[in-house]
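Please look over the notes below alongside the model. They go point by point.

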Amino acid sequence: MVNAAEQAKNFKVASKIASVVNLFKSQFVDVKVDLKPWMNDPDTLELVDPDSIDIGFHLPGRSRSLESRCLLVQIRLYQDPIEAYSRVIGVEVAGYDHRGEQWKLSTVGGWRFVGNTQPTTESAAKLKYFCRQIFELFNNDDLAA
């Protein structure tokens, strides 16, 4: 897990991160964005995945349609060491409230929601559409490694 702010190493990546934020806000208007969802402490740094872009989205309160108060989006990248490009290989979105993680959606293995609760059908469709847009955004052309 790497904060999105730390992955914005060049203009192209920074532009794509900004586009991801705008794509999410187009589906869920009232969110506040956190490009640094992870703390910079030794325990967290041990878990750092240099091949992900992580963005937090905070809702103005607990959303009944999303069954959460905040969401964590983790964009998993594959860095090709020979061809020097990056591609999205998966997206994970998790919804949290005061009780912890309530649900998770992973594009790896069926695009299913798992957890204690689930977003409404409409919100689930919006989240899946958002994930498809991330693949299109990142994989239509190569990112500089």
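1. Where does Thr-107 lie? Thr-107 sits in the loop between S5 and strand S6 (113-115). Helices (H or I, at least four residues) and strands (E, at least two) are DSSP runs, numbered from the N terminus.

2. This is a predicted model: local features need pLDDT of at least 70, side-chain atom pairs count only at pLDDT 80 or more, and totals for chains, interfaces and linings use all residues. Residues are numbered from 1 along each chain as its sequence is written, and side-chain values use heavy atoms, with hydrogens and water left out.

3. Thr-107 counts as buried, because its relative accessibility is 10%. Buried means under 20% relative accessible area, exposed over 50%, partly exposed in between (1.4 Å probe, protein chains only). A polar atom of the Thr-107 side chain lies 2.8 Å from the backbone nitrogen of Val-91. Leaving aside neighbours within four places in sequence, Thr-107 is in contact (heavy atoms within 4.5 Å) with Gly-90, Val-91, Cys-131 and Phe-135.

4. The largest nonpolar core has 29 residues. Such a core is a set of buried Ala, Val, Leu, Ile, Met, Phe, Trp, Tyr and Cys residues joined through side-chain atoms within 4.5 Å. Ile-75, Leu-127 and Ile-134 have the most contacts inside it. Beyond neighbours within four places in sequence, Ile-134 is in contact with Val-20, Val-73, Ile-75, Val-88 and Val-91.

5. Check two backbone angles. Most residues other than glycine have a negative phi. Glu-67, in the loop between S2 and S3, has a positive phi near 50 degrees. Trp-111, in the loop between S5 and S6, has a positive phi of about 55 degrees. Trp-111 counts as partly exposed, because its relative accessibility is 24%.

Technical notes:
A polar contact is a pair of N or O atoms within 3.5 Å; within protein, one must be able to donate a hydrogen and the other to accept it, and residues adjacent in sequence count only if both atoms are side-chain atoms.
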